Amino acid sequence: MEPMLQVHGLHVSYGARPALRGVDLSVASGEVVGLVGPNGCGKTTLLRSVTRLVPWRAGAVTIGGVPAERLARRELACRVAVVPQSPHLPPGYTALDIVVMGRTPRLSFLQQEGADDYRVARESLARVDALPLVGRPVDELSGGECQRVVLARALAQGAPLLLLDEPTANLDIGHQIAVFQLLRELAERERLAVLVTIHELVLASLYCDRVALMAQGAIVADGRPADVLTAEHVASAYGARVVVLDAPHLPAPVVIPYGDRGRGA
């Protein structure tokens, strides 16, 4: 079966500076793929390239077997939902207002949201543990609450491909776990294809089917978390020393950073 997302030989540059160097990546329906790597390695650029916000100078992107450049913006939005890293929510709108905006690609020209759209929006808020926020103005919400509202908006789109850029960056550990459990549930039950950038390697190891490790604009390792998140791979990509521990009660190894405590004191 053809992957829901296929990226092949993607090259992107910002002026004279290369940002992506021949990236190959696929995400199948029912799969959660974690994109990890140091700051500035190209993770966000890759997500933005998939949605054509950043043009590529070579390579190809297909979504559901269709070249991305052939998709009109509305059709692209029906196929791909995005949770950006630093979402901007316009003041004066409630959480429900924001989430129901996710239904826009499903509406015809000048069509107004109906009862079914509001039902989907409320269900999406409930799925991310944010239904109590339904009538709250977004300018009164915390960063973590806004992040959950944006995730609910993406779910309301009903797209088969979900792209998330650091979706747990502003969340406490309880909501971080809840988000990744939800992503796993969406992939398994609803057969969504999920590509998510992650800083927390422990979350990548525990909740992703595959991990793609990026460094300097290229994917340097791609496979099962246990095969990619090794001490050697992490040290090479991040320039940081880690220890990888096997925990019998966990489904994947745990990556723990360490340094020379007290050196230079």
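Q: What should I know before I start?
A: The model is predicted, so to speak of local features takes pLDDT of at least 70 and side-chain atom pairs count only at pLDDT 80 or more, while totals for chains, interfaces and linings use all residues. Residues are numbered from 1 along each chain as its sequence is written, and side-chain values use heavy atoms, leaving out hydrogens and water.

Q: In what order do the six strands form their open sheet?
A: Strands (E, at least two residues) and helices (H or I, at least four) are DSSP runs numbered from the N terminus, and two strands pair if DSSP finds at least two bridges between them. Here the order is 6-7-8-3-9-10, with mixed pairing. Strand 6 (80-83) and strand 10 (218-223) are the edges, each pairing on one side only.

Q: How many bridges join strand 9 to strand 10?
A: Five, and the two strands run antiparallel. Look for methionine 214 opposite isoleucine 219 in strand 10.

Q: Which strands does helix 5 touch?
A: Contact means heavy atoms within 4.5 Å. Angles run from 0 to 180 degrees between N-to-C directions, with axes fitted to C-alpha atoms, for helices over the stretch in contact. Helix 5 (residues 143-157) packs on the sheet against strand 6 and strand 7, at about 180° to strand 6.

Q: What is the pairing in the sheet of four strands?
A: It is antiparallel, in the order 2-1-4-5. Within it, leucine 5 has isoleucine 63 of strand 4 as its bridge partner. Helix 1 lies across strand 1, strand 2 and strand 4, at about 115° to strand 1.
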